[in-house]
Amino acid sequence: MKKIPLLLLLPLCLCQTSHAADDLMSRANKLFKPIPTKAPHLKANPATAAKVDLGMKLFFDPRLSTSQLISCNTCHNVGLAGADLQETSTGHGWQKGPRNSPTVFNAVFDVAQFWDGRAKDLQTQAKGPVQAAAEMNSNPDLVVRTLKSIPGYLPLFKAAFPGEKEPVSFDNMAKAIEVFEATLLTPDSRFDRFLKGEAGALDAKEKRGLRVFMDKGCAPCHAGTNVGGSDYYPFGVRETPATEIRPAGDTGRIMVTNTESDRYVFKAPSLRNVAVTQPYFHSGKVWTLHDAVTVMGSAQLGVKLKDSEVADTVAFLRTLTGRQPKLSYPLLPPGSDETPHPQLK
């Protein structure tokens, strides 16, 4: 058989490599979308600069809590990828919350908020922790009384909600926080660049991991803009996770819907920035991506992934870390003699 010179084979090899990369990119673009660089329009709560500015201040203001120690940023720290590095967050009186705090980054693209989807949007979600006894332990009346006692807030609310007779309200607090949180996006991850046509944005290992992610069946639950966050699924489809990882007492979405088929059903979390938002799962009991991928392989797919498949998948997941928002901590308006004092019990 006549030997073909190596140099003549090189164009064929390069062509095949290019075709494989194009095929992978094409498949990925049918399942995923890049994070946009601008906040989406909220039809029921259109953003203005004044509303975003007010929302940012309220997000960082611990005076929304009874203790005046806990703000939204406490559990959704913008310097820690919108999370808090806790299994479950620490709230009022050192109480521990029942579930891990999801990142607030890109949360505007989720189908609903909280692990069980009990809040339809970020506005509804913003009201929950403020009133939860184990979190900020306040109530609408106290929040409004506090905000009205702080002279600097009235002009900010008037600018954000012009023409309203009573601009300082619990609802408007939540609306302002929502439009601010909608700006907390992390575009330009290496995976996003790959989706936009930059084949070299992922290396060979990361591309293998993307193939594993799609071929093994991870993508049906983790697709779309947020690589997840778009629907609810049982945790333990093929194999029940260890009780530590899926506590028996936390039955998931059934507590919202009262529907038996929703027992141990949770919202599939967004995997955006997953490499920097540990620990994982609603219990917060898994601290490494390697272990999380292994658990998902057995619990959801019913397979024992090879070590190489786990390593490649982890490499791919690390490419989902996007450009983190850079914020300056806001100067909050000072209180007055009428501002309620902190209550620590």
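**Close-up views of a predicted model**

View 1. Asn-226 is placed in the loop between α9 (204-215) and β1 (232-234), where helices (H or I, at least four residues) and strands (E, at least two) are DSSP runs numbered from the N terminus. This is a predicted model, in which local features need pLDDT of at least 70 and side-chain atom pairs count only at pLDDT 80 or more, while totals for chains, interfaces and linings use all residues. Residues are numbered from 1 along each chain as its sequence is written, and side-chain values use heavy atoms, with hydrogens and water left out. At 2% relative accessibility Asn-226 counts as buried, a term that means under 20% relative accessible area, with over 50% being exposed and anything in between partly exposed (1.4 Å probe, protein chains only). Leaving aside neighbours within four places in sequence, Asn-226 is in contact (heavy atoms within 4.5 Å) with residues including Ile-35, Asn-106, Asp-110 and Arg-272.

**View 2. Ser-67 in its loop.** Ser-67 lies in the loop between α2 (49-60) and α3 (72-75), and with a relative accessible area of 6% Ser-67 is buried. Not counting residues up to four places away in sequence, Ser-67 touches His-92, Pro-342, Gln-343 and Leu-344.

**View 3. The pair Phe-32 and Phe-191.** A search of the whole structure finds ten aromatic pairs, where rings of Phe, Tyr and Trp (its six-membered ring) pair if their centres lie within 6.5 Å, and planes under 30 degrees apart count as stacked, over 60 as edge-to-face and the rest as tilted. The rings of Phe-32 and Phe-191 have centres 5.3 Å apart and planes at 75 degrees, so this pair is edge-to-face. Because Phe-32 lies in the loop between α1 (6-31) and α2, and Phe-191 in helix α8 (residues 190-195), the pair ties together parts that are 159 residues apart in sequence. Phe-32 is buried at 1% relative accessibility, and Phe-191 is buried with a relative accessible area of 0%. Phe-32, Phe-191, Phe-213 and Phe-316 form one aromatic cluster.

**View 4. Helices α11 and α12.** Helix α11 (residues 289-301) packs with helix α12 (residues 307-318) at an angle of about 115 degrees, and their axes are 9 Å apart; axes are lines fitted to C-alpha atoms, for helices over the stretch in contact, and angles run from 0 to 180 degrees between N-to-C directions. The contact is made by Leu-289, His-290, Val-293 and Thr-294 of α11 together with Val-310, Thr-313, Val-314, Leu-317 and Arg-318 of α12.
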